[in-house]
Amino acid sequence: MTITRAKTMGFCFGVKNTIKLAMELIRSSSGPIYSLGEIVHNETLVKEFSDRGLKVIRANDEVEKGRLLIRAHGVRPEIEEKFRNNGFDVIDGTCPIVKKNQIAAREAEFPIILFCKKDHDEAVGIAGYAEKPCYAVESESDIDSIEKGEYTAIVQTTFSYEKLSAYTKMLEEKGCILHFAGSGICHASIDRRAAVEALSKLVEMIVVVGDENSANSKALFCLASSLVPHAYMVSGPESVTKEMASFENVGITAGASVSESLVKRVEERLSALSIDV
Ligand code: SF4
């Protein structure tokens, strides 16, 4: 079996930054340390950090005062405020690219149209910064209730390009004037998608390493499925099957919360199983 890697894959800048902050927090703290939600969509890493003392909590949990890490997706400002007011030392790990969207929401000149997956934590956090009405657009049906007018348009960093251009066109046809602000779609997502497109020209099958609850991994899997006859998503080496190992020419990519070591273990498992097929 030949395994070809996508040119760009795995940890993005924002995730690397949060992991670095988490490691510093573990190293420098003697009291309780927490992360507000899982720092990455990667069960293995979350467990590793939890074994070293970084406990995952939710916004409403009642816990002993300590140091709290906000992950790359960011949170609503009132949640951060609540912890600060309760005496927590809050370390803001919000990715600077997401932060730009939060600031754009706070400073918006017009009512906001937020192109996003409505229940995604990043979108919920950005909407929390809005001081003007904020309309979330996730699908075509959301456009029906938006009236003609001027809007500040903000795009969740992992939103699909195809949907964004289709919905923008529909809104403009309705007479909406959109003033785009914030960061737009993140380059980490764009680069990973482009790398999968290039990879698809070289292989017959693509394995996407990523967690089921990771939006960017799922988006890569959807893209791969549309480009090659066979695509699979695996969370780790244990999910690799004999069927996957039966292909000769295999491509591999990984979501933004996947470490190099996890990719390596998936590759090793594929190669090992291919010998038995
Ligand atoms: S995907 Fe982009 S916006 Fe999201 S955490 Fe990574 S670098 Fe930041």
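Colleague: Which residues does Glu 267 touch, not counting residues up to four places away in sequence?

Modeller: Contact means heavy atoms within 4.5 Å. By that rule, Glu 267 touches Ile 3, Arg 5 and Ile 252. Please note that this is a predicted model, in which local features need pLDDT of at least 70 and side-chain atom pairs count only at pLDDT 80 or more, while totals for chains, interfaces and linings use all residues. Residues are numbered from 1 along each chain as its sequence is written, and side-chain values use heavy atoms, with hydrogens and water left out.

Colleague: Where is the place of Glu 267, and does it count as buried or exposed?

Modeller: Helices (H or I, at least four residues) and strands (E, at least two) are DSSP runs, numbered from the N terminus. Glu 267 has its place in helix H10. Buried means under 20% relative accessible area, exposed over 50%, and partly exposed in between (1.4 Å probe, protein chains only). Glu 267 counts as buried because its relative accessibility is 14%.

Colleague: How many residues has the largest nonpolar core?

Modeller: A nonpolar core is a set of buried Ala, Val, Leu, Ile, Met, Phe, Trp, Tyr and Cys residues joined through side-chain atoms within 4.5 Å. The largest one here has 31 residues, and Met 205, Val 209, Met 244 and Leu 270 are among those with the most contacts inside it. The elements that each supply at least two residues of this core include helix H8 (187–200), strand S10 (205–209) and helix H10 (260–276). Another core, of 18 residues, lies apart from it, with Val 15, Ile 19, Leu 25 and Ala 188 among its members.

Colleague: With which residues is Met 244 in contact, leaving aside its neighbours within four places in sequence?

Modeller: Met 244 is in contact with Met 1, Met 205, Tyr 232, Val 234, Ser 239 and Leu 270.

Colleague: Which residues of helix H5 are buried?

Modeller: An α-helix has 3.6 residues a turn, so residues three or four places apart point the same way. In helix H5 (residues 121–128), the buried residues are Glu 122, Ala 123, Gly 125, Ile 126 and Gly 128. Their cover includes helix H3 (77–85), helix H4 (96–106), strand S6 (112–115) and strand S8 (150–155).

Colleague: In which strand is Ile 112 found, and how is its accessibility to be read?

Modeller: Ile 112 is found in strand S6, and it counts as buried because its relative accessibility is 1%. Leaving aside neighbours within four places in sequence, the contacts of Ile 112 include Ala 105, Tyr 135 and Ile 154. Ile 112 and Ala 153 are 41 residues apart along the chain, yet their C-alpha atoms are separated by 5.8 Å.

Colleague: Where does Pro 32 lie?

Modeller: Pro 32 lies in the loop between helix H1 (13–28) and strand S2 (33–36). With a relative accessible area of 25%, Pro 32 is partly exposed. Beyond neighbours within four places in sequence, Pro 32 is in contact with Glu 64, Lys 65, Gly 66 and Arg 67.

Colleague: Which residues are around the ligand?

Modeller: A residue is near a molecule if one of its heavy atoms lies within 4 Å of it. Around the ligand are Cys 12, Gly 14, Ala 72, Cys 95, Ile 97, Val 98, Thr 157 and Cys 186. For classes, Ala, Val, Leu, Ile, Met, Phe, Trp, Tyr, Cys and Pro count as nonpolar, Asp, Glu, Lys and Arg as charged, and the others, Gly among them, as polar. The shell around the ligand has six nonpolar, two polar and no charged residues.
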